[in-house]
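Morning, everyone. I have one structure to walk through today. Please have a look at it first.

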Amino acid sequence: MKFTFTFFGNELRVQILDLYRTNCKLTHRACCLKVGKTSLIMSLVSEEFPEEVPPRAEEITIPADVTPERVPTHIVDYSEAEQNDEQLYHEISQANVICIVYAVNNKNSIDKVTSRWIPLINERTDKDSRLPLILVGNKSDLVEYSSMETILPIMNQYTEIETCVECSAKNLKNISELFYYAQKAVLHPTGPLYCPEEKEMKPACIKALTRIFRISDQDNDGTLNDAELNFFQRICFNTPLAPQALEDVKNVVRKNVSDGVADNGLTLKGFLFLHTLFIQRGRHETTWTVLRRFGYDDDLELTPEYLFPLLKIPPDCTTELNHHAYLFLQSIFDKHDLDRDCALSTDELKDLFKVFPYMPWGPDVNNTVCTNERGWITYQGFLSQWTLTTYLDVQRCLEYLGYLGYSILAEQESQASAITVTRDKKIDLQKKQTQRNVFRCNVVGMKGCGKSGVLQALLGRNLMRQRQIRAEHKSYYAINTVYVYGQEKYLLLHDVSDSDFLTDAETICDVVCLVYDVSNPKSFEYCARIFKQHFMDSRIPCLVVAAKSDLHEVRQEYSISPAEFCKKHKMPPPQAFTCNTVDMPSKDIFVKLTTMAMYPHARLRCMCACNRCTFCICQNFLNSDLLQSVKNKLFTAVLNRLRAHIDELGAMLLADEESSIMHQVHAVSFVEDSIFMESSLGPRLLEDRHVTQADLKSSTFWLRASFGATVFAFLGFAMYKALIKQR
């Protein structure tokens with residue numbers, strides 16, 4: 001006889017992913033003859049022994065709130081007398097746990113467990129996914145002995161048997177425990193964790209627990225100290241351990257494993273021993289609680305829901321890491337930078353990725369981000385690579401953060417909380433400001449024009465360092481930080497194909513860098529053609545870069561020169577660039593590219609003679625012949641009026657001075673010593689006159705300057721308003 005508990009496929013799968021499976025639906029099916037299987041079901045439901053027992057019980061659903069594991073249980077009785085083998089096979093195929101019921105006072109029913117039921121069940125299930133079995137000894141009220149001595153050899157022979165329970169439907173003994181163990185066998189199976197024959201955990205379980213240990217070892221010293229153990233206990237079981245409890249745990253490990261505790265911290269061996277002890281003592285739920293908290297399913301694989309949480313990304317929006325994600329990555333870098341040289345060596349990088357099932361970064365990463373002289377990825381390069389992954393493939397970034405345990409260590413719901421989805425670029429253009437921190441620049445040019453040099457120059461590498469890059473390690477991306485008006489931004493350069501036509505994906509960017517070789521007469525023609533085909537009518541700003549400017553410049557085989565082409569299409573003039581320098585190449589073009597990407601709405605293509613930006617238009621207007629002519633005429637008219645006023649004022653001052661002298665002469669003639677006073681007064685008056693004329697000239701100059709400045713300010717403001725209205 002047997003009881004079969006069946007979780008309905010999708011329903012179980014969904015609830016497994018919900019922590020601790022609090023809302024699973026359990027289906028229970030029973031079969032066999034005259035051992036009390038139907039009585040067990042009816043005693044459980046009615047909590048009393050039935051006087052009359054039908055051959056087969058009706059289907060019953062037990063609500064979740066009355067089950068120990070808080071799981072809805074669906075019970076279906078199977079009758080061998082009323083149902084055929086096909087129906088039995090169907091029941092087995094739907095089962096997740098099977099309870100084989102025997103009568104403790106009937107040896108034939110015990111023999112039938114091994115002669116019929118277990119072989120029949122194993123024939124209908126895969127060897128690698130055996131169903132957990134519960135042996136149920138009913139009618140224990142009829143005997144005064146236990147059947148465990150007979151059952152133990154059977155349990156040792158068949159590893160799929162989870163446990164054995166002796167019960168009595170009549171006395172209601174262990175009825176609830178029977179269903180609890182059946183539920184526990186499904187929710188917390190032993191099979192994936194432990195091998196009874198070898199009495200040790202299975203490799204998959206060891207691998208999963210080792211990853212959990214490495215994530216929890218936040219200082220990377222190889223042990224879990226008290227703070228780390230308390231954090232682990234809190235995130236897994238929502239309660240910290242008391243200091244005495246911590247010491248008791250470590251004492252148990254010390255007694256059984258010689259190197260299980262080091263520096264008063266729990267080592268990996270001690271951590272694995274504790275979970276082996278839990279499993280051996282039947283506390284599988286402890287280990288399963290830890291595994292499921294860290295994202296594992298029944299097959300000890302990280303679930304897709306854990307690795308790839310839902311993240312909606314509308315069109316024309318990009319993805320970036322937020323501040324909390326950068327803080328987390330900084331802690332990961334510091335954790336593995338053991339020599340504190342602000343760079344990750346090859347061994348340190350391998351140690352970091354031990355929590356991954358594979359090595360996520362290849363050798364091309366060293367040519368994508370900044371490295372030190374030894375070729376080791378620096379702190380800035382480490383963050384840049386994560387920024388690049390987030391921008392290009394956010395799902396891959398979520399997966400990587402899941403391997404590192406971001407949601408656990410940062411105590412967030414999922415890795416999606418580390419991602420910022422930027423707003424639509426059209427809104428940025430409308431509001432004339434952007435919230436983005438990462439800008440993509442597609443580098444376009446024919447083969448051999450120097451695109452790779454531009455990419456590597458962003459990383460601060462001159463031509464000599466670029467020659468050391470192996471062809472198979474070449475990268476088509478480069479990313480680094482650039483400062484624009486004191487703000488740190490990421491500029492992502494992408495070397496697109498040199499084919500005659502660009503794909504739609506290759507035209508999606510924030511700014512375009514058109515590169516041509518000044519020493520190749522056919523180089524610029526490719527840039528001009530690509531610009532006309534894809535970017536002439538778009539709102540994407542473009543910058544022409546004259547690469548290899550250290551070489552002899554030749555005439556380009558195109559109808560007009562690059563400078564005239566840029567002027568015609570209202571682009572900045574070609575920017576001279578070379579990476580054949582002793583020191584790091586200049587980063588001027590990268591600042592300009594980032595500025596153009598940040599402010600495409602203002603058309604700030606450059607700040608020098610582009611004939612398109614606001615600054616250059618105003619400069620051209622102020623220097624125009626028309627404005628110079630108007631200015632000269634205004635100056636002439638203003639100066640003529642000032643001279644007339646000055647002459648009138650001077651004449652009035654002279655008349656006043658002469659009148660004053662005459663009055664003084666007549667007054668002095670009545671005094672005998674008037675000669676002395678008259679002779680001393682003459683020079684003083686002449687001196688005062690010269691001072692007055694000097695002050696007048698100075699006042700005239702400042703009046704002219706103030707009036708001219710006012711006129712030009714008024715004209716400039718009026719012209720600026722007119723230009724703004726046109727735009």
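Let's start with the annotation. UniProt, in an unreviewed entry, gives residues 324-359 as "domain: EF-hand". Keep in mind that what you see is a predicted model. In this model, residues 324-359 are 56% helix and 6% strand. The end C-alpha atoms of that span lie 25 Å apart.

Now the interior. As a general point, nonpolar side chains tend to be buried together in soluble globular proteins. Here, the largest nonpolar core has 76 residues. Which of them touch the most other members? They are Ile-212, Leu-291, Phe-294, Trp-361, Phe-382 and Trp-386. Take Leu-291. Leaving aside residues up to four places away in sequence, Leu-291 touches Leu-193, Ala-208, Leu-209, Ile-212, Tyr-296 and Leu-300. There is also a second, separate core, of 29 residues. Val-515, Val-545, Cys-579 and Leu-593 are among them.

Back to Leu-291 and its helix. Leu-291 is one of the buried residues of α11. That helix runs over residues 284-293. Eight of its ten residues are buried, so α11 is largely enclosed by the rest of the structure. After α11 comes Gly-295, with a positive phi near 95 degrees.

Next, cysteines. How many disulfides are there? The count is zero, with sulfur pairs required to be within 2.5 Å. Cys-164 counts as buried, because its relative accessibility is 12% and the cut-off is under 20%. Cys-542 is in no disulfide either. The nearest cysteine sulfur to it belongs to Cys-509, 7.6 Å away. Cys-542 also counts as buried, at 1% relative accessibility.

Searching the whole structure turns up two cavities of 30 Å³ or more. I'll stay with the second largest cavity, which has a volume of about 80 Å³. Twelve residues line that cavity. Closest to its centre are Lys-425, Asp-428, Thr-434, Ala-597 and Pro-600. Which helix gives the most to this lining? That is α18, with three residues. Both α18 (425-431) and α23 (588-598) supply at least two.

That's the tour. Thanks.

Key: Residues numbered from 1 in each chain as written. Predicted model: local features only at pLDDT ≥ 70, side-chain atom pairs only at ≥ 80, totals over all residues. Heavy atoms only, no water. Core = buried A, V, L, I, M, F, W, Y, C linked by side-chain atoms within 4.5 Å. Buried < 20%, exposed > 50% of the residue type's maximum accessible area, 1.4 Å probe, protein only. Contact = heavy atoms within 4.5 Å. Helix = DSSP H or I, 4+ residues; strand = E, 2+ residues; numbered from the N terminus. UniProt positions renumbered as here; feature names shortened; annotations may be inferred. 1 Å grid on protein atoms, 1.4 Å probe; cavity = no way out; pocket = protein on both sides within 12 Å on 5 of 7 lines; lining within 4 Å. Points joined across faces, edges and corners; volume = space filled by probe spheres on them.
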